[in-house]
Amino acid sequence: MRIIGHTLGTPEQTLPEALQLFASAGLEGAEVIYQNDYRSGLPIGNEAVAAEAARVADDLGVPVMGLSPYTTGINHEDPAQRRAALDELRSAIDCAHRLGATRIRVYAGSWGADRTDHAAHWERLRSALTELAPLAADAGALLCVENHFGTMTQSAKDTARLIREVDSPAVRVLYDQANLTFTHDEAWPEALREQGDLIGHVHVKDLVFTDPDAPFVASETARVKADERAVRSRVVGEGVVPWAEILRAVKQNGYDDVLSLEYEYRWHPQDLPAPEEGFARSARALRALLDQAAGLTPAEVYR
């Protein structure tokens, strides 16, 4: 498996600086935020910035392997907002093709307890992914729908249901067990039973609970506000997510590709070491966990 860095962890660096940081940490590639007005990201539709990023990435030997857009509007009831969200993802697909990136993180629209008409929102979401799938396939990229709060695929069960309904090899699951853990959705064995055969990308991060019994609350989609959090972010291997077992099981389910270190320094810098230290520590820890996973028997993995 190839370990790459995510520019969520480099909010104070320019994108070239982030790529240099990843190279110095011994990482094999980058997942880059695709969003306007983020210092360590790619502005939407800016071909010149993307071309410069590709040049720097090539010089450093740290290719851009993934993009992370932030639009949540592909299931919106307002046709204009939905079209704008679809256009943003079309732009991300085009950018991925130019960069040679092979995966694009996708939020499964927007959803929360205050919303109504789940069926209509779901159908707009399914239809959007069905429309985008051939474009992604032609660009050599996967649309990877994340297990993520505030969307229609917070749980592994719902994520798997969506991917199976879209029924395209270009639309896969972005498996994020840390998200499932702090939302109190599926534990990892159940998550992999639900969606393990559908994984196209994996985010790796870690956490500890400050109150394991607190109900999950989030009023935003991209992050959990400070006053809503019942967890703290940690360097991989220093939290409660059992990554050695998970990685072995993921591989047994057929996934043997990119692991993206989604170091949450953009949202929670108070929890984590500076990126220069944190990415290097995370990479070393993840390699040790991969070695540990390689020594586990199948019975131990699913104990």
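Which residues does S68 touch, not counting residues up to four places away in sequence? In this predicted model, S68 touches H6, E31, V32, I33, Y34 and R105.

**Surroundings of S68**
- S68 is placed in strand β4, which spans residues 64-69.
- The relative accessibility of S68 is 0%, and a residue is called buried when the value is under 20%, so S68 counts as buried.
- The side chain of S68 is joined to the side chain of H6 by a polar contact of 3.3 Å.

**Nonpolar cores**
- In soluble globular proteins, nonpolar side chains tend to be buried together.
- In this model, the largest nonpolar core comprises 91 residues.
- The residues with the most contacts inside that core are L42, L67, I74, L129, L143, Y175 and L261.
- When neighbours within four places in sequence are left aside, the contacts of L42 are L15, V32, I33, Y34, Q35, V49, A50, A53, L67, C95 and L99.

**Helices α5 and α7**
- Two packed helices are described by the angle between their axes and the distance between the axes.
- Helix α5 covers residues 156-166 and helix α7 covers residues 188-195; their axes come within 8 Å and cross at roughly 10 degrees.
- Angles under 35 degrees count as roughly parallel, and therefore α5 and α7 are roughly parallel to each other.
- On the α5 side, the residues that meet α7 are A156, K157, T159, A160 and R164; on the α7 side, they are A191, E194 and Q195.
- The residues of this contact between α5 and α7 comprise 3 nonpolar, 2 polar and 3 charged.

**Loop residues with positive phi**
- D37 is found in the loop between β2 (30-34) and β3 (41-42).
- The phi angle of D37 is near 65 degrees, a positive value in a residue other than glycine.
- D37 has a relative accessibility of 82% and therefore counts as exposed.
- H184 is found in the loop between α6 (177-182) and α7.
- The phi angle of H184 is near 65 degrees, which is likewise a positive value in a residue other than glycine.
- With a relative accessible area of 38%, H184 is partly exposed.

Conventions. Residues numbered from 1 in each chain as written. Predicted model: local features only at pLDDT ≥ 70, side-chain atom pairs only at ≥ 80, totals over all residues. Heavy atoms only, no water. Axes fitted to C-alpha atoms, helices over the stretch in contact; angles between N-to-C directions. Helix = DSSP H or I, 4+ residues; strand = E, 2+ residues; numbered from the N terminus. Parallel < 35°, antiparallel > 145°, perpendicular 65-115°, else oblique. Contact = heavy atoms within 4.5 Å. Nonpolar A, V, L, I, M, F, W, Y, C, P; charged D, E, K, R; others polar. Core = buried A, V, L, I, M, F, W, Y, C linked by side-chain atoms within 4.5 Å. Buried < 20%, exposed > 50% of the residue type's maximum accessible area, 1.4 Å probe, protein only. Polar contact = N/O pair within 3.5 Å; in protein donor to acceptor, adjacent residues only side chain to side chain.
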